[in-house]
Amino acid sequence: MRRPHILIQNAFPAAACEDLIKLGESYQREEGKVGQGDIRKDKRNVEVADVPIWHGPQVMLREDLTFRMRHANAHFGLAVEYLPALQYLVYGEGGLYDWHSDIVFPQGLEARKISLVLQLSDPANYDGGDLQLDATFGEAPTAEPVAGKGNAHCIGTVHRGHRRARRAAHEQHW
């Protein structure tokens, strides 16, 4: 049985992650929502920015993540060709995202087929905030994308500093 996630090693150098943080900080963020748009900081305490993907350095990032998505396709037996959405995520002190599985509201008919998470922050700059998939996978090292196939996952509470990440996802009917 294949694991429901893969860790892609040596994806981005630290300098590229710093550049992506600077770019992400230039976008307006809003409180993360759960369910059908509710703000529940006890369940999801994160700031989220939707990031345009068709200009500047975002094009290169999108192309790179799409290339990595093809690697994930082979692992999971999927045929996802593109990543339509990129988000910039900031988990400050007290930030978290409780255990959940992704589904798109309001229809509830589309599930997230696959997600890529690019850890941008150096783990030395924050404590906590571990990405957990299926209760067995710990934190992803800096600059190492994790691809997951719609399984339960969470981000543990950040106790010090800020955890910054990028997320790309593909949703479609199962």
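**Briefing: strands, cores and cysteines**

Strand S6 (residues 96-100) and strand S12 (residues 153-155) run antiparallel and are joined by two bridges. The structure described here is a predicted model.

**The four-stranded sheet**
- Strands S6 and S12 belong to an open sheet of four strands, in which the order is S3-S6-S12-S10 and the pairing is antiparallel.
- The edges of this sheet are strand S3 (44-45) and strand S10 (131-133); each has a single partner strand, so one side of each is left without a neighbour in the sheet.

- In soluble globular proteins, nonpolar side chains tend to be buried together.
- The largest nonpolar core in this model holds 24 residues, and the members that touch the most others are Phe12, Leu61, Leu65, Tyr88, Ile114 and Leu120.
- Two or more residues of this core come from each of helix H1 (14-25), helix H2 (57-76), strand S5 (85-91) and strand S8 (110-119).
- Helix H2 makes the greatest contribution to this core, giving five residues.
- Another core, of 10 residues, lies apart from the largest one and includes Leu89, Tyr91, Leu131 and Val158.

**The cysteines**
- Zero disulfides are found when the whole structure is searched.
- Cys17 has a relative accessible area of 1% and is buried, because buried means under 20% relative accessible area.
- Cys154 also counts as buried, at 5% relative accessibility.

Technical notes
Residues numbered from 1 in each chain as written. Predicted model: local features only at pLDDT ≥ 70, side-chain atom pairs only at ≥ 80, totals over all residues. Heavy atoms only, no water. Disulfide = S-S within 2.5 Å. Buried < 20%, exposed > 50% of the residue type's maximum accessible area, 1.4 Å probe, protein only. Pairing = 2+ DSSP bridges. Core = buried A, V, L, I, M, F, W, Y, C linked by side-chain atoms within 4.5 Å.
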